[in-house]
Amino acid sequence: MAHAAPDGDTIGSVFSLKEYLVNFLNKEAIVTCSDPIPQHLADVLIGENITTSDIIEIEKFDLIVGCDAVERGFEKIVKTKSQNQKIILLDHHTTLRMNRVKPDIAISDEKYSSVCEILYDFFDFHRIELNRKMAEYFLLGILGDTGIFQHANTTPRVMEIAANLMKRGASLNKIIRLTFKNKRLETLKLWGRAMGRAEINPKTGAIMSYITKKDLEELQGDAEDISAVAEILNTVSGTKFSLVLSERGENRVKGSLRSEEYKNVDVSEIAKLLRGGGHRLSSGFEVRGKLKQEGNKWTVE
């Protein structure tokens, strides 16, 4: 199971596991998610597909594995656990929590850059050789969660793993070209709208913007586009962190927070105040409501 609004790490980890289970262990395995795969990630997954979660009979499976940010949608799909069923959760967020369905195995370690790095270590420890597909999926996740080796979670170990994955056939150039450089014109227009609305709060050092449901519908934007806005705004000189509010669905507003190590701001503490979570430098939250304009100001109601 990939998390809602899937990114490179959740997609890379679930499809690498599927590849291992099907082609190494001769098991039957499928990938599911509550949301469709964004096109830029689908371009990497040639010949692969997901089964939408609304048509899956969960009780028929022996094993359920949730990968990355499992609090984002896992409990909405897995509401009960049958007697002979096992659940494994793999995460690298400190907010891993399961209030209703308890996993049999849960691994959550924020020292890792990504779940793909966790899985790489698992296969490396057990001396399991990776094929080209698995190597490419792992590199997809690592590149996504390290911001192409630009974030503070890019450790010497991450660079060593990336080099080993390339030796096994993963194409660094292909992944960067398809997932980071290959932008739609609509995506650039969406970014332009958000950039034009950006404002800096001189008291907190926050740079903030918003994206409405109308913006997303007109320009066919997705979660990755919104995340990119938060990343770009976070590069503005003199700011402490970025916050992008975006309308999702009929009555939900998502907040995306970003910062950098040298700015000395833990954005996960902000997210926790609003029942969200994530990392010190990359977090998010979700509240009920809609964005409402009052003069030159926007509020969540």
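This is a predicted model: local features need pLDDT of at least 70, side-chain atom pairs count only at pLDDT 80 or more; totals for chains, interfaces and linings use all residues.

Q: In which order do the strands of the six-stranded open sheet run, and what is the pairing?

A: Strands of a sheet pair through backbone hydrogen bonds, in either a parallel or an antiparallel way. Here the open sheet of six strands has the order 6-7-8-9-11-10, and its pairing is mixed. Strand 6 (199–201) and strand 10 (277–278) are the edge strands; each has a single partner, so one side of each lacks a neighbour in the sheet.

Q: How many bridges join strand 10 to strand 11?

A: Two bridges connect strand 10 with strand 11 (residues 282–288), and these strands run antiparallel. Within this pairing, G277 is opposite G284 of strand 11.

Q: Which helix packs on this sheet by touching strand 7, strand 8 and strand 9?

A: That is helix 10 (residues 223–233), whose direction makes about 160 degrees with that of strand 8 (241–248). Strand 9 in this contact covers 252–258. Helix 8 (residues 185–197) lies across strand 6 and strand 7 (206–211), and runs at about 135 degrees to strand 7.

Q: At what angle do helix 8 and helix 10 pack, and how far apart are their axes?

A: Two packed helices are described by the angle between their axes and by the distance between those axes. For helix 8 and helix 10 the angle is about 45 degrees, and the axes are 10 Å apart. The two helices are therefore oblique to each other, and their crossing is right-handed.

Q: Which residues make the contact between the two helices?

A: Helix 8 contributes T187, L190, W191, A194 and M195, while helix 10 contributes D225, A228, V229, I232 and L233. By class, the contact of helix 8 with helix 10 consists of eight nonpolar residues, one polar and one charged.

Q: What is the order of the three-stranded open sheet, and which strands stand at its edges?

A: The order is 3-4-5, with parallel pairing. Strand 3 and strand 5 (105–108) are at the edges with a single partner strand each, so one side of each has no neighbour in the sheet. On average, neighbouring strands of this sheet are turned by 5 degrees against each other, direction ignored.

Q: Over how many bridges do strand 3 and strand 4 pair?

A: Strand 3 pairs with strand 4 (residues 86–91) over five bridges, in the parallel sense. I64 is opposite I87 in strand 4, and L63 is opposite K86 in strand 4.

Q: Is strand 3 mostly covered or mostly open?

A: Strand 3 (residues 63–67) is mostly covered, with four of its five residues buried. Helix 1 (residues 8–23) lies across strand 3 and strand 4, at about 150 degrees to strand 3. Helix 4 (residues 115–125) also packs on the sheet; it touches strand 3, strand 4 and strand 5, and its direction makes about 115 degrees with that of strand 4.

Q: Where is D68 placed, and what is its phi?

A: D68 sits in the loop between strand 3 and helix 3 (74–77). Its phi is positive, about 75 degrees, although D68 is not a glycine. With a relative accessible area of 2%, D68 is buried.

Q: Is R275 buried or exposed?

A: R275 counts as exposed, because its relative accessibility is 75%. R275 lies in the loop between helix 11 (267–273) and strand 10. R275 is not a glycine either, yet its phi is positive at about 65 degrees.

Notes:
Residues are numbered from 1 along each chain as its sequence is written. Side-chain values use heavy atoms; hydrogens and water are left out. Two strands pair if DSSP finds at least two bridges between them. Contact means heavy atoms within 4.5 Å. Axes are lines fitted to C-alpha atoms, for helices over the stretch in contact, and angles run from 0 to 180 degrees between N-to-C directions. Angles under 35 degrees count as roughly parallel, over 145 as roughly antiparallel, 65 to 115 as roughly perpendicular and the rest as oblique. A crossing is left-handed if the near helix is turned anticlockwise from the far one by less than a right angle, and right-handed if clockwise. Ala, Val, Leu, Ile, Met, Phe, Trp, Tyr, Cys and Pro count as nonpolar, Asp, Glu, Lys and Arg as charged, and the others, Gly among them, as polar. Buried means under 20% relative accessible area, exposed over 50%, partly exposed in between (1.4 Å probe, protein chains only).
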